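User: Hi! I'm new to reading protein structures, could you walk me through one?
Analyst: Happy to, let's open it up.

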Amino acid sequence: MNGRMGIERRIFFLMLLTGLACFAAFEAVSFLGMYDVQEHAIESGREMGTSASAFAEEITDEQAKKRFALMAEEKARGVNNEIGRLREDANLLAKTMTQILTRRELYLPRELPLGGEVPIRSKEPYLFFIPALRESGGIADVLPEAQIAANAADNLALWTQSYDDGYEMTCFYASERGYVISADVMAEGKEFVEFFDTWYSPSFDPRERPWYQEIKATGRSVFTDVYVGVEGYPCISCVAPYYDENGFAGMAGISNNIATLYRQISINTIGDRGVNFILNEKGEVILSSEKEGLLAASATPKDFQKYGETSLALEAACMTRGLSDVARITLGGRDYYLAYAPIPDVGWSFGTLIERDVVVQPARDAKSYLLSRAEDFSASLQSFFWDNFLRTAALLMALLAALFFVSRKISDRFVRPILALTAGVREISGGNLDKKLDVKTGDEIETLADSFNQMTDELKSYIENLAKTTAENERIETELSVAARIQAGILPKKLPARSEFDLFASMEPAKEVGGDFYDYYFLDENHLMVTVADVSDKGMPAALFMVVAKTLLKDCALTFGSGEKLPVGAKAAHPAPAPTLSHPWLSETVAQTNDRLAEANDEGMFVTVFTGVLDVGTGEFVYVNAGHNPPLVRRNGTVDFLPTAQSPMLGVMEGLHFPVERLTLSPGDMLFLYTDGVTEAMNEKREIFTGERLHAALSAQPTGKTAEEILAAVRGAVDAHANGAEPSDDVTMLGLVYKGI
Amino acid sequence: MAEETIAFQTSEKNGWTLWAVKGRLDRLTAQEAGEKADNIFSAAQKLAVDMSGLEYLSSAGIRVLLKLTKQAKADGKEFAFVAPEGMVKVVLAESRMDMFVTIYASADELPL
């Protein structure tokens with residue numbers, strides 16, 4: 001259960017952690033992104049507000065300057081036209097008088113009413129002698145000329161008509177000789193021209209006026225200073241010199257109010273502090289919309305070029321030089337625009353002063369509006385940002401909760417097959433090899449389960465095989481041990497000791513029983529039968545075949561040879577042996593045994609047999625060698641192989657003849673019988689012991705050794721040769737030492 | 001035990017199928033040799049076992065040869081041994097196999 005929880009928990013936490021990490025990363029990125037956007041937006045908003053307002057101010061500034069420049073130029077032009085007309089007309093008046101006085105002969109004297117003596121109506125030309133002339137009594141001298149000059153009176157009347165607009169004005173000639181010819185337009189409500197009290201004061205002498213002196217000196221028309229007329233309106237006069245045949249003769253002039261001009265200047269100011277003004281060629285304000293203060297026209301005008309406020313003084317200098325511009329100046333700590341343009345005909349300059357705040361206020365309003373909007377925007381953005389953050393956080397929490405449950409489910413589903421697998425494997429390991437794991441997940445778990453099933457199948461078949469093999473081995477073992485017991489059981493017991501011979505036999509079975517056997521028994525008191533045989537197979541079949549062969553051989557021998565010497569050919573089923581043989585019953589015995597073995601030998605087994613009978617009294621030994629290894633015989637101390645077999649092995653074919661051979665042993669002689677387990681004993685190099693070595697080993701045995709000792713010695717030689725290699729065949733030896741009676 | 005101790009080679013000579021057995025014909029190789037021999041024998045009318053390369057012949061080997069001998073007799077086929085040498089020759093002599101099988105000193109002596 002620990003493992004199960006381990007994996008499940010691990011998957012669960014892995015998914016949870018992955019989810020968390022994703023969410024956190026997403027949240028962090030979006031938070032940072034949103035924060036950036038917010039900051040950027042707020043900053044941009046502020047910047048935009050600031051730059052937009054600055055731009056607006058700048059644009060406003062530019063526009064204002066252009067507008068003001070145009071306005072100043074237009075006003076200046078208007079003033080110039082107005083003033084220029086005055087100068088033109090003054091010059092025309094002067095020209096007319098000059099024509100009259102230079103060509104007097106063309107004119108008749110003309111009577112004009114005398115001002116101061118008769119009432120003079122408005123617009124009525126009149127003649128007037130200045131007080132000084134009257135006092136000097138020089139009127140008579142002057143009169144003829146004055147009456148000629150009076151021809152210009154109609155002209156004056158004409159001009160007054162054209163100028164009459166309801167305000168006072170005067171067109172006049174003031175002669176060098178002290179008379180004045182004038183036509184006055186009186187203000188409404190005044191019928192007559194007033195003499196001596198107001199207008200023509202007793203000290204009146206136009207010739208003493210500065211501009212009279214100026215035109216006389218320069219010969220050019222000139223404007224007087226602006227002065228306040230009777231009616232309280234600003235007025236200005238333009239005067240021009242006229243001449244007679246003798247040169248300068250007086251001045252012609254038009255004095256007119258400039259109310260229209262003044263009105264224009266006064267009303268078209270901009271803002272509360274705006275001022276329109278006209279600066280004359282000396283830098284003095286001669287006309288202003290301001291009635292009091294710095295820029296008001298004053299009786300004691302000041303030259304602004306010398307004004308303390310540097311910016312104003314500089315611009316005033318430019319104005320008097322006839323330039324035009326829109327400048328920024330500071331007056332009394334306030335910013336102003338000063339737009340000005342020249343009035344060329346009189347050398348004046350029109351200026352308009354506008355407080356800058358008035359102009360740029362809309363731009364400033366726009367700026368503050370933009371800034372407040374930017375602030376609003378940033379505030380709403382911030383609130384949107386936090387709302388969004390909270391919404392995302394809420395969503396995150398919800399998703400986390402969902403993730404928590406989904407992770408649990410998925411990890412549980414993922415682990416379930418593993419649990420099934422674990423349970424199944426536990427059952428299998430508990431011994432139930434028939435258990436089949438049924439996991440259908442379609443993934444590695446299923447593959448693992450399939451592998452387990454396959455492994456279980458293989459394990460099962462392996463265990464079955466192992467059981468089978470073990471049973472087989474046990475069977476073989478059993479068979480071998482049975483065969484070994486059979487083999488051991490049929491070997492003869494040790495003979496009672498006899499003085500005539502010494503016999504010793506041994507058989508060491510190989511691990512798998514080889515089928516060797518030896519046998520000895522007395523046929524009668526004097527005849528000892530000895531046999532060594534080797535069955536061709538091994539194991540149980542060999543053991544059984546051996547038993548049959550041994551039994552048959554003994555049975556036949558006892559049947560044919562015991563007790564008495566059997567007559568030759570008696571009971572013989574086969575052709576008679578050769579006459580040289582004295583023991584035909586032995587041949588018969590072997591033949592019978594062969595026939596019977598061959599009768600039912602489907603397996604093709606056979607047995608090689610060396611069997612013989614020793615007459616212990618005479619030492620005569622007759623034998624049959626049926627395909628067996630030739631034994632060795634020691635006679636007179638010399639060891640020799642007996643001749644090779646004359647007969648084939650038994651059990652192969654029926655009806656064979658087995659010739660008997662003979663030899664005679666003397667006391668001390670020895671017979672050594674063996675099977676191929678001796679001569680073919682192998683060492684690890686698969687080298688066989690060979691007959692030669694056996695011969696040598698036997699030759700090395702001194703006469704007098706017992707059969708047992710000799711066998712032990714041979715055995716030692718064989719073992720020495722094998723050098724520990726396990727024998728593959730039974731090792732069987734039989735030693736027979738003949739001692740005689 | 002796993003080392004190759006026996007080898008076989010089949011050729012034709014004088015109308016005989018000459019089956020050369022080389023190495024050791026003993027209990028360990030007897031079964032293999034028997035199976036090989038059966039295969040060859042079933043297709044041959046006249047079979048001769050070439051023993052010139054045979055180094056060792058045990059009683060188990062003799063049994064294989066005897067079985068072939070019996071088989072030949074039963075099928076009416078000709079069977080012979082060719083050129084046994086050394087120990088093999090001795091074993092054949094000692095077991096009197098010559099009484100059942102014709103032995104030729106060389107393959108050239110095989111009758112046409």
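User: How many helices and strands does chain A have?
Analyst: Chain A comes to 14 helices and 22 strands. Those are DSSP runs numbered from the N terminus, with helices being H or I of at least four residues and strands being E of at least two. This is a predicted model: local features need pLDDT of at least 70, side-chain atom pairs count only at pLDDT 80 or more, and totals for chains, interfaces and linings use all residues. Residues are numbered from 1 along each chain as its sequence is written, while chains are lettered from A and ligands numbered from 1 in the order in which they are written.

User: What share of chain A counts as buried?
Analyst: Of its 741 residues, 36% do. Buried means that 20 or more other C-beta atoms, placed from the backbone, lie within 10 Å of the residue's own.

User: Which strands make up the open sheet in chain A?
Analyst: The order is S13-S22-S21-S18-S19, with antiparallel pairing. Two strands pair if DSSP finds at least two bridges between them.

User: And which ones sit at the edges?
Analyst: S13 (501–508) and S19 (638–641) of chain A, each of which pairs on one side only.

User: How does S13(A) connect to S22(A)?
Analyst: 8 bridges join S13(A) to S22(A), residues 731–738, and the two run antiparallel. Within that pair, Glu508(A) stands opposite Val731(A).

User: Which strands does H13 of chain A touch?
Analyst: Helix H13(A), residues 690–699, packs on the sheet and touches S18, S19 and S21 of chain A. Touching rests on contacts, meaning C-beta atoms placed from the backbone that lie within 7 Å. The direction of H13(A) makes about 155 degrees with that of S19(A). For such angles, axes are lines fitted to C-alpha atoms, for helices over the stretch in contact, and values run from 0 to 180 degrees between N-to-C directions.

User: What about H14(A)?
Analyst: H14(A), residues 707–722, packs on the sheet too, touching S13 and S22 of chain A.

User: Switching to chain B: do S1 and S2 run parallel or antiparallel?
Analyst: S1(B), residues 6–13, and S2(B), residues 16–25, run antiparallel, joined by 8 bridges. Their hairpin has 2 residues between the strands, and Asn14(B) takes a positive phi near 50 degrees there.

User: What does S2(B) form with H1(B) and S3(B)?
Analyst: They make a right-handed β-α-β unit. Right-handed means that, with the strands pointing away from the viewer, the path from the first strand over the helix to the second runs clockwise. S2(B) and S3(B) run parallel, joined by 4 bridges.

Conventions. Buried ≥ 20, exposed ≤ 12 C-beta atoms within 10 Å, placed from the backbone. Contact = placed C-beta atoms within 7 Å.
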